[in-house]
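Please read it with the coordinates open.

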Amino acid sequence: MKLTYLGHSCFVLESYGFQALLDPYRDIPGLPDIAMTADAVYCSHGHSDHAYADEVTLTTGKVNPFTVREIDTFHDSQGGALRGRNTVRTFTSEGLTVAHLGDLGHPLTAEQLEKLGPCDVLLLPVGGTYTIDKQEAKAVAEAVKPRVTVPMHYRDGKIGLEILTTLDEFLELYPVDRIRRYPGNALELHENMTHQIAVLHMDGHKRQDA
């Protein structure tokens, strides 16, 4: 399975040649709006920085290899009163499970953790303001216990929403030997992955059909 980070909370998850696009965005400083071809699109909620599919061309005829499960959550800490609902999804294929938390705005309850179940890779918002903050994000990761945690939804230099906290502020919570910085924006997922915080370059220009 291959995971490619396009920036903000947007990823391409590929298995057996099938490409699932997660949370496509527009209007993110430093990144081009998402415009690409995919076999399926999944959006955690309806905001334009997570559900911009206007320039996404969907293919037809491919069999979706992913088993997809959904967990209802909220976009804020007040039961959705501020920003509405958020959908957490897990994608299972090739014996691996990837969880995308979308714009999770609160710690996961025991019931939500049970529904989420074990996962190998956790795509975790860490920038605060619109989501859980860095400390809450670490607590969620510790509760889920994935082998690989991939930070998302943060600011890095001139890239990302200015109101978000930075990637480095989240990484400061971990020992250096726990963090692995990859040279590009793609990661091959396999069953022998070591426990790590995996930092992928945020680069929406490196799309799968480029």
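**Salt bridges and cavity**

1. Lysine 62 and aspartate 39 form a salt bridge, with 3.5 Å between the closest N and O atoms. The two ends come from distant parts of the chain, 23 residues apart. Lysine 62 sits in the loop between strand E6 (56-58) and strand E7 (67-74), while aspartate 39 sits in the loop between strand E4 (36-38) and strand E5 (40-42). Please keep in mind that this is a predicted model.

2. A second salt bridge joins glutamate 70 to arginine 89, where the closest N and O atoms are 2.9 Å apart. This pair also links distant parts of the chain: glutamate 70 belongs to strand E7 and arginine 89 to strand E8 (residues 85-93), at a separation of 19 residues. Arginine 89 has 12% relative accessibility, so it is classed as buried.

3. Glutamate 111 and lysine 115 make a salt bridge through their side chains, at 3.6 Å from N to O. Both lie in helix H1 (residues 110-116); because they are four residues apart there, about one helical turn separates them. Glutamate 111 is exposed, with a relative accessible area of 52%, and lysine 115 is partly exposed, with 46%. The value for glutamate 111 puts it in the exposed class because that class requires over 50%.

4. The pairs described above are among the six salt bridges found in a search of the whole structure.

5. How many cavities of 30 Å³ or more does the structure hold? There is one, and the volume of the largest cavity is about 40 Å³.

6. Which residues line the largest cavity? The lining consists of Leu22, Asp23, Tyr42, Cys43, Ser44, Thr87, Arg89, Phe91 and His100. Strand E8 gives the most to this lining, with three residues. By residue class, the lining has four nonpolar, three polar and two charged members.

How values were computed. Residues are numbered from 1 along each chain as its sequence is written. This is a predicted model: local features need pLDDT of at least 70, side-chain atom pairs count only at pLDDT 80 or more; totals for chains, interfaces and linings use all residues. Side-chain values use heavy atoms; hydrogens and water are left out. A salt bridge is a side-chain nitrogen of Lys or Arg within 4 Å of a carboxyl oxygen of Asp or Glu. Buried means under 20% relative accessible area, exposed over 50%, partly exposed in between (1.4 Å probe, protein chains only). On a 1 Å grid over the protein atoms alone, a cavity is a set of points where a 1.4 Å probe fits but cannot get out, and a pocket is an open set with protein on both sides within 12 Å along at least five of seven lines; lining residues have an atom within 4 Å of a point. Grid points are joined across faces, edges and corners, and a volume is the space filled by probe spheres set on the points. Ala, Val, Leu, Ile, Met, Phe, Trp, Tyr, Cys and Pro count as nonpolar, Asp, Glu, Lys and Arg as charged, and the others, Gly among them, as polar.
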